[in-house]
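Subject: Handover of a structure and findings

Dear colleague,

Please find the structure below, followed by an account of what was found in it. I would be grateful if you kept it open while reading.

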Amino acid sequence: MKVKGLRWWIIALIGLATVINYVDRSAINILWPYIYTEFGITEADNKSALALITTFFMIAYALGQTFTGKLMDAIGTRLGMTISIIGWSVSIALHAFAKSLLSFNIFRFMLGFSEAGNWPGATKSNAEWFPAKERGIAQGIFGAGASLGSVVSAPIIAALYLIFGWKMTFVLIAVLGFIWIIPWLYINKATPDQHPWITEEERNHILGKQEAAAIEEVKEEAPALTWKELLKIRNTWGIITGRFFIDPVWWLFVTWLPTFLKEQFMFDIKQIGAFTWVPYLFAAIGSLVGGYHASVQIRNGAAAAKARKNAIAVGSVIMLAALVAIVYQLDSLKETPMFAMVLIGCTLFGFQYLIGNIQTLPSDYFNGKNVGTVAGMGGTAAVAGTLLTTWAVPVITQTSYVSFFVLAAVLVPVSWLCIKYISSKK
């Protein structure tokens with residue numbers, strides 16, 4: 001049996017895994033403002049408690065990015081992604097048995113470590129299944145999965161909570177991951193050079209019409225480097241520093257948007273479900289457009305890394321303009337929550353426009369058994385930056401959220417400067 005366009009089936013499954021990933025991780029942020037009292041936590045300590053839970057998740061996420069990046073390079077994405085999604089599905093189900101803040105932290109740590117594998121796994125899989133000119137689009141589809149997961153998670157989780165309660169909500173969303181494994185293992189039988197279903201035309205398209213011997217020669221010329229060796233390379237630091245500064249902006253909204261809506265607009269959980277999806281719909285579109293932007297430039301003859309840097313610059317401008325508008329209009333936005341959602345949506349549109357291109361840079365700068373490792377190192381740096389902003393939020397939002405958006409606005413140009421001037425000029 002031969003399947004035309006097999007690579008698109010693979011990226012569709014990775015996109016779906018990312019949707020599930022975000023549904024699982026978003027559940028606690030959506031439910032927390034309405035369940036924290038069940039654990040004896042006061043309103044005054046509510047945000048600090050959520051920051052602590054997020055910290056456990058992010059520390060594990062940082063460790064998991066680097067570990068699973070090596071894992072994907074060692075055993076391949078087929079088994080690596082399977083292990084990752086089994087781990088995070090079990091972990092999210094265990095949330096239903098949490099009895100205290102401590103048990104939430106333990107289960108959150110497990111979730112963060114296993115969910116981390118989705119990112120280096122997706123980056124490596126895209127490098128395997130797509131030629132350079134299509135990787136921007138592939139990464140855009142994958143990034144759109146993160147945004148789509150946030151779009152659907154709010155209404156789904158709110159509805160499940162209202163019907164079944166918070167414990168059964170965690171159990172039900174865990175089932176999604178186990179279901180995903182079935183088509184993943186069935187369709188993703190091997191890499192493109194060995195997959196029995198791939199057509200010869202598609203194999204040549206992906207591999208650049210290289211003969212099998214030439215492929216093996218390239219693999220031999222690109223040995224797996226250690227973390228220490230990779231840290232001596234300038235491009236590694238460009239990716240690490242760029243993600244250290246830009247990823248916290250996304251996480252500011254993923255973690256705190258439901259709390260912001262509750263405190264700024266006095267929303268109940270039904271309203272959270274009705275409004276929260278809007279910014280993430282913008283983000284999903286931004287992910288696809290940003291990937292398309294880079295791919296068009298590459299098809300027109302631009303070097304891959306240069307094309308992605310151009311797209312990163314465009315996304316940075318969009319983000320900064322939206323965040324500045326929010327800072328200057330925040331007081332008036334209290335009367336127009338939907339307009340606030342649109343401005344936040346423009347911010348996340350810009351973020352997803354650029355982040356897929358940053359995440360694709362490891363496959364442009366590196367090859368062989370180093371793509372997943374560098375992607376994982378970038379993910380670890382992203383988490384390190386996010387931890388700092390996570391603990392800053394309860395302090396800077398005690399009286400107003402202006403500083404929240406100022407912080408986000410400052411991080412954007414700093415990240416862009418790192419990508420532009422630290423990594424290769426190519």
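A residue is called buried when its relative accessible area is under 20%, exposed when it is over 50%, and partly exposed in between, with a 1.4 Å probe and protein chains only. By this rule A190 is buried, because its relative accessible area is 18%. A190 lies in the loop between α7 (166–187) and α8 (200–207). Helices here are DSSP runs of H or I with at least four residues, strands are runs of E with at least two, and both are numbered from the N terminus.

Two remarks on the origin of the values are needed. This is a predicted model, in which local features need pLDDT of at least 70 and side-chain atom pairs count only at pLDDT 80 or more, while totals for chains, interfaces and linings use all residues. Residues are numbered from 1 along each chain as its sequence is written, and side-chain values use heavy atoms, with hydrogens and water left out.

The chain as a whole

The secondary structure of the chain consists of 17 helices and zero strands. The radius of gyration is 21 Å, close to the 22 Å that the globule rule gives for 426 residues, so the chain is as compact as a globular protein of that length. This radius is taken over C-alpha atoms, and the rule is 2.2 Å times the number of residues to the power 0.38. Along its principal axes, the C-alpha trace spans about 65 × 40 × 40 Å.

Of the 426 residues, 59% count as buried. Contact means heavy atoms within 4.5 Å. Among contacts in the chain with a separation of 6 or more, 84% are between residues 24 or more positions apart.

The nonpolar core

A nonpolar core is a set of buried Ala, Val, Leu, Ile, Met, Phe, Trp, Tyr and Cys residues joined through side-chain atoms within 4.5 Å. The largest one has 121 residues, and W32, F104, F170 and F405 have the most contacts inside it. Helix α1 (residues 6–35) gives the most to this core, with 17 residues. Leaving out residues up to four places away in sequence, W32 touches F39, I41, N46, A49, L50, I53, L101 and F104.

Individual residues

Which residues does A190 contact, leaving aside its neighbours within four places in sequence? They are W129 and H195. The C-alpha atoms of A190 and L323 are separated by 44 Å, and these residues are 133 residues apart along the chain.

T389 lies in helix α16 (residues 371–396) and counts as buried, at 7% relative accessibility. Not counting residues up to four places away in sequence, T389 touches P248, L252, L407 and L411.

V402 lies in helix α17 (residues 402–421). V402 is partly exposed, with a relative accessible area of 30%. Not counting residues up to four places away in sequence, V402 touches V327 and L330. V402 and A224 are 178 residues apart in sequence and 46 Å apart in space, C-alpha to C-alpha.

Is M266 buried or exposed? M266 is exposed, because its relative accessible area is 63%. M266 is found in the loop between α11 (234–265) and α12 (269–275). Most residues other than glycine have a negative phi. M266 has a positive phi of about 60° although it is not a glycine.
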